[in-house]
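Hi,

Here's the structure I promised to send over. Have a look, and my notes follow below.

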Amino acid sequence: MNPAPAHGPVAPPAPAVRTVLGDIAPADLGVCDAHDHLFLRSPQLPGQELADAGAAAAELAAFRAAGGAAVIQWTPYGMGRGAAELPRLARESGVRIVAATGLHQAVHYAPEVLERIGADPAGLFVAELTEGIGGSGPRAGMIKVAGGFHGLDRHARYTMAAAAEAQRATGAAIGVHLELGTGALDVLDLLCGELAVPPDRVILGHLNRSPDLAVHQAAAGAGAYLAFDGPSRAHHATDWRLPDALAALADAGYGDRILLGGDTTTAGARSVNGGPGMPYLLRRQRARLELALGEELVTQCLTANPARAFAADWAGTASGHRVTG
Ligand SMILES: [Zn+2]
């Protein structure tokens, strides 16, 4: 440790990516699946819960074997995100894991779960980002929220206002589930317009599900990151458009805005159960996208872009907190 000189300016904290095993330099993130799930539970997906830690470990091992180094889990509060398991899974697999705080759409919760959070969701998000999930668990490294189909309901506005407040307090990035890929510009109007979140702290998810190239470029032009994920059985109708959509973004000069992920949301979609799962991104998607974007840009989308997108200065964090257990 070099103590700051007594009279010199105090250097701002270096940006870091907050993993479940502690903060790391962005350059150490490595090849990153920027949107996926190891654990997930929702009344919308009955019988398809991702709840098995053994299966999560096997999926991580398969991802690691395919060359993967980091997974960002976008499972927010109250959806069985497996916070207590994540540090051990990261240690045992050697894959860096970032956990999320935040809230999904109201349909993903029993009403009493939302009532419990009540009037101060921002306080919950900040505590999970700076102190730890459930008080003693790993710290979250991003805030997940959700829009609606071509619009934003009251719950979306409530969660996005809280996310903006927590973003201001911590510097954390906000990842947004776009319903069927729609509503990107409404989300940016709310988050970056009304709520004054810097656009480069916003990551728009699922845009591949609505391959409107003009909207993609407007969102990238506003300064947001765009996370493309899949394939998915539910959204296969648009999967084949992904290479062209990304090529159009790159041609327009927005290659530095692109993030790539798998978004495994059901047990049947896991590679260890015969689905594409996390390894698909590196096993097939990478080579396919290299045909459209070139090897250098695809590598950037898998490494430098997520490193920049998820790094934060972590203001408001109590010093000395490190999760090791
Ligand atoms: Zn997701």
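Among contacts in the protein chain between residues at least 6 apart in sequence, what percentage join residues at least 24 apart? It comes to 77%, where a contact means two C-beta atoms, placed from the backbone, within 7 Å.

Some housekeeping: this is a predicted model, so local features need pLDDT of at least 70, side-chain atom pairs count only at pLDDT 80 or more, and totals for chains, interfaces and linings use all residues. Residues are numbered from 1 along each chain as its sequence is written.

On the fold, the protein chain has twelve helices and eleven strands (DSSP runs, numbered from the N terminus: H or I of at least four residues for helices, E of at least two for strands).

Now the site. UniProt (unreviewed entry) puts a "binding site" at Lys144, His177 and His206. They span 63 residues in sequence, but no two of their C-alpha atoms are more than 12.9 Å apart, so they gather at one spot. The same record type lists Lys144 as "modified residue: N6-carboxylysine", also from an unreviewed entry; UniProt positions use the numbering here, feature names are shortened, and annotations may be inferred rather than shown by experiment.

Lys144 sits in strand β7 (residues 142–146) and is buried, with 30 C-beta neighbours inside 10 Å. His177 is in strand β8 (residues 174–177) and is buried too, with 25. Beyond four places in sequence, His177 touches residues including His104 and His206.

Cheers

Conventions
A residue is buried if 20 or more other C-beta atoms lie within 10 Å of its own, exposed if 12 or fewer, and partly exposed in between; C-beta atoms are placed from the backbone.
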